[in-house]
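Thank you for making time for this.

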Amino acid sequence: MPYSRLSVRIWDVPTRLFHWALAACVIGAYVCVKLGGLYMDWHVRLGLAALGLVMFRIVWGFIGPRHARFANFVRGPRAVLAYLRGGAVKGGHNPLGALSVLAMLLAFGVQAASGLFVTDDIMVQGPLYGRVDESASSFLAWLHHSNEWIMIALVALHVAAIAWYALVRRQRLVRAMITGDMPAGQLADDAQPSEDGPAVWLRGLVLALCVAGLVWWIQSLETAASMSY
């Protein structure tokens with residue numbers, strides 16, 4: 001049930017699937033690059049999947065349900081200060097957490113996009129390597145490697161924030177991202193449930209298929225790029 005007196009549906013199914021899929025791709029890509037060797041092929045595949053997921057979330061932030069939309073949770077400095085002073089949230093990301101969401105989408109997006117143009121100079125390269133000159137590829141390779149530390153820092157802050165909410169504020173954010181529901185007592189009195197159901201799932205599926213097609217097309221450019229040089 002999306003809404004009851006005890007809980008409020010906050011996270012729709014597509015948003016939850018995106019969250020856990022991106023987490024799996026980021027962790028998997030990091031492990032693969034550290035293992036190296038033949039695992040680098042999986043690093044590229046997971047990077048492409050992460051790119052598709054970031055593109056999905058950006059579009060979903062405009063066409064998704066209430067609490068998935070950027071307009072619903074991205075706020076200015078006043079809202080952030082009000083929240084830090086103890087203000088309640090109407091559902092979804094709080095104003096401070098919204099900054100974290102934007103930062104991670106930017107960092108993961110930059111990482112996945114830059115990886116399209118770099119090579120390990122051994123046996124693996126991004127599908128668009130060869131579409132740019134050597135100087136551009138070198139800069140993107142530097143960006144790809146340097147941005148890794150930014151991502152690690154953001155993930156560490158994200159995990160620390162979840163732990164702080166669980167231990168101090170007694171808010172189980174992980175459970176909410178699994179079930180989609182948050183206790184009504186932890187939200188503002190006028191908090192509204194997010195839309196979730198077959199219509200939302202179909203919209204998410206259509207968007208996912210479109211993004212998957214775009215990523216497949218990007219990957220298909222690898223052969224064309226290698227033949228042009």
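Residues are numbered from 1 along each chain as its sequence is written, and side-chain values use heavy atoms, with hydrogens and water left out.

The mean pLDDT, which is the predictor's confidence in each residue on a scale from 0 to 100, is 88 for the chain, and 92% of its residues reach 70 or more. Over residues 224–229, however, the pLDDT is below 50, and this stretch has 6 contacts in the model beyond near neighbours in sequence, a contact being heavy atoms within 4.5 Å. Where pLDDT is low, the predicted coordinates should not be read in detail.

As for the layout, the chain has 8 helices and 2 strands, where helices (H or I, at least four residues) and strands (E, at least two) are DSSP runs numbered from the N terminus. Read from the N terminus on, the elements follow the order β-α-α-α-α-α-α-α-β-α. The C-alpha atoms fill a box of roughly 65 × 35 × 30 Å along the principal axes. Of the 229 residues, 40% are buried, where buried means under 20% relative accessible area, exposed means over 50%, and partly exposed lies in between, with a 1.4 Å probe and protein chains only. Among contacts in the chain with a separation of 6 or more, 73% come from residues 24 or more positions apart.

Now to the charged side chains. How many salt bridges does a search of the whole structure find? There are 5, counting a side-chain nitrogen of Lys or Arg within 4 Å of a carboxyl oxygen of Asp or Glu. One of them joins Arg 9 to Asp 181, with the closest N and O atoms 2.6 Å apart. That pair links distant parts of the chain, since Arg 9 belongs to strand β1 (residues 7–9) and Asp 181 to strand β2 (residues 181–183), 172 residues apart. Arg 9 counts as buried because its relative accessibility is 12%.

Arg 9 also forms a salt bridge with Asp 196, at 2.8 Å between the closest N and O atoms. Asp 196 lies in the loop between β2 and α8 (198–227) and Arg 9 in strand β1, so this pair ties together parts that are 187 residues apart in sequence. Asp 196 is itself buried, with a relative accessible area of 17%. Its side chain meets that of Arg 16 in a further salt bridge, at 3.3 Å from N to O, and here the loop between β2 and α8 is linked to helix α1 across 180 residues. Arg 16, at 12% relative accessibility, counts as buried. Through shared partners, then, Arg 9, Arg 16, Asp 181 and Asp 196 are joined into one network.

Asn 94 lies in the loop between α4 (77–84) and α5 (95–114), and is buried at a relative accessible area of 12%.

Finally, the structure holds 5 aromatic pairs, where rings of Phe, Tyr and Trp (its six-membered ring) pair if their centres lie within 6.5 Å, and planes under 30 degrees apart count as stacked, over 60 as edge-to-face and the rest as tilted. Phe 56 and Trp 60 are stacked, at 5.5 Å centre to centre and 20° between the planes; they lie 4 residues apart in helix α2 (residues 39–63), about one turn, and both are buried. The rings of Phe 62 and Phe 70 have centres 5.5 Å apart and planes at 75°, so that pair is edge-to-face. Phe 62 is exposed at 57% relative accessibility, whereas Phe 70 is buried at 13%. Phe 62, Phe 70 and Phe 73 form one aromatic cluster.

Note on methods. Predicted model: local features only at pLDDT ≥ 70, side-chain atom pairs only at ≥ 80, totals over all residues.
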